[in-house]
Amino acid sequence: MKKQLLGIIMALSALSLSAQSIPEEYLSWPCEMLRDSLNLPYFYCDCRENTEVFAFPLEREITDTVWYTATVNDLRQGLSAYWFANCSVTMEVYAFCASKKPTMVITVGANRNCDVDNTKINQKLDEMGETARLQAETLTPHLRVYPNNGGSGHVYCYPYDQGPHSTCENPLPLLVGMTYVCDKEENVYRMEWSKIPASGKSFVHWKQKQNKGCEVWMTLDSCMGEEIGRADLSDSLHVYQPDSASLVNARSAKRSLWLHVKHAAGITGRIYLYSNPKYEETALPAVTKKTCYGKTIKQNERTYSTDTAFVDTIWVARDTLTTQRINLTFTQPTLEYDTVYVDSAAIHRGYRYTPSGDILYEFGDYTLEVKKTNTCTRRIQVTVEPKKPEEPPVNPQEGLEDTPAARKVRKMVENGQMIMIIDGKKYNVLGQSIQ
């Protein structure tokens, strides 16, 4: 349906050539008289008098033909549309109500959706060239929408990346393969018991442009009913596979299934439910990686920090999955040893061991880890001992045999000469003994 909608935009530049409008002087005539006189299409009066102006958001039941007028500028916001119905729906594009044949015809099957990014629309407009683009933007073509085979359905049209808020009080029907835009923080979808896959095999897939995650869980009978499964979808590569026996039992007991989706504010994602998943015949090559404890390994959009070995299930496309064997090893650090001496006052206040940042309050042995982001962790066995008291300074001359003992010395002048009296004996200044 994406290609068909984009095709409408390309066709708008040629709409003015596909038919001729009614001359103004005839427009005052009664519509049916004008139609008969000019042999206009049978739907001319309905188109002219009952056309509605298209505007976002559009939510309504369609049981019969409905006419809309819309411009390219209406579609500049992109489109997220749903068609919940027991039949297909056809949309015909006419340049004028007087056009005998549509410029384009689109038929959408029952219970389908359309998701068109506004960047694609603007890209197509740029490719048309300035003249054609301006011509297309000024046209107001008529869109004829009608359900087929006497059926009816409910249509929702929102700008791209927006969707109806599905709540406990007013839930959208949960259908296999349908895309649900989740721009609100929490949405709840209800599946009739008869729509639950008979095999019970299914999976829930979450897609988000920035790979932001969401939480999903399932209840039975009501929003607040019995919970039968829950999962955190941390990325858009992994899926949630509910217990198949629980789904089979719910179908057998004719109990409705409720899917809850919750995510952070300010993000938009899309949720899908697929039944009877297919698996690729050949699994992805096994992955074996090793690094040191403290670093991380990112594999398949998930980050691991401890030893793990498992078979990973990965989304491939729509209802197809694949598997991959993962074996990750984180080597433990070699034990290091350290001894520090701390005085009693410091340990009482709390001693910070600098390498790890730990605060220690008692003497003894500790095994501490030094952790830094994406760096190998160090593991240190630290012994904290009391600091020894300081000893008096050592005399470098102490212990030498030729070091004289402390003596009593007195100087004096006798007979005009300086003499020294040491321990009662007289000596001259040259150290000679005087009798």
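Analyst: A polar contact is a pair of N or O atoms within 3.5 Å; within protein, one must be able to donate a hydrogen and the other to accept it, and residues adjacent in sequence count only if both atoms are side-chain atoms. The model is predicted: local features need pLDDT of at least 70, side-chain atom pairs count only at pLDDT 80 or more, and totals for chains, interfaces and linings use all residues. Residues are numbered from 1 along each chain as its sequence is written, and side-chain values use heavy atoms, with hydrogens and water left out.

User: What makes the link between the side chains of His 238 and Arg 302 a polar contact?

Analyst: The two side chains are joined at 3.4 Å, and the limit is 3.5 Å, so the pair qualifies. The side chain of His 238 also makes a polar contact with that of Asp 235, at 2.9 Å.

User: Where does His 238 lie, and is it called buried or exposed?

Analyst: His 238 lies in the loop between strands β15 (227–233) and β16 (239–240); strands here are DSSP runs (E, at least two residues), numbered from the N terminus. Its relative accessibility is 3%. Buried means under 20% relative accessible area, exposed over 50%, and partly exposed in between (1.4 Å probe, protein chains only). His 238 is therefore buried. Of the 435 residues of the protein, 42% fall in the buried class.

User: Which class does Lys 209 belong to, and why?

Analyst: Lys 209 has a relative accessible area of 56%, so it is exposed.

User: What makes the meeting of Asp 161 and Lys 209 a salt bridge?

Analyst: A salt bridge needs a side-chain nitrogen of Lys or Arg within 4 Å of a carboxyl oxygen of Asp or Glu. For Asp 161 and Lys 209 the N to O distance is 3.6 Å, which meets that limit. This pair links distant parts of the chain, 48 residues apart: Asp 161 is in the loop between β9 (153–158) and β10, and Lys 209 is in the loop between β13 (202–208) and β14 (214–220). The structure holds 19 salt bridges.

User: How do you know that Glu 215 and Arg 230 form a salt bridge?

Analyst: Their closest N and O atoms are 2.4 Å apart. Glu 215 is in strand β14 and Arg 230 in strand β15, 15 residues apart.

How values were computed
Helices (H or I, at least four residues) and strands (E, at least two) are DSSP runs, numbered from the N terminus.
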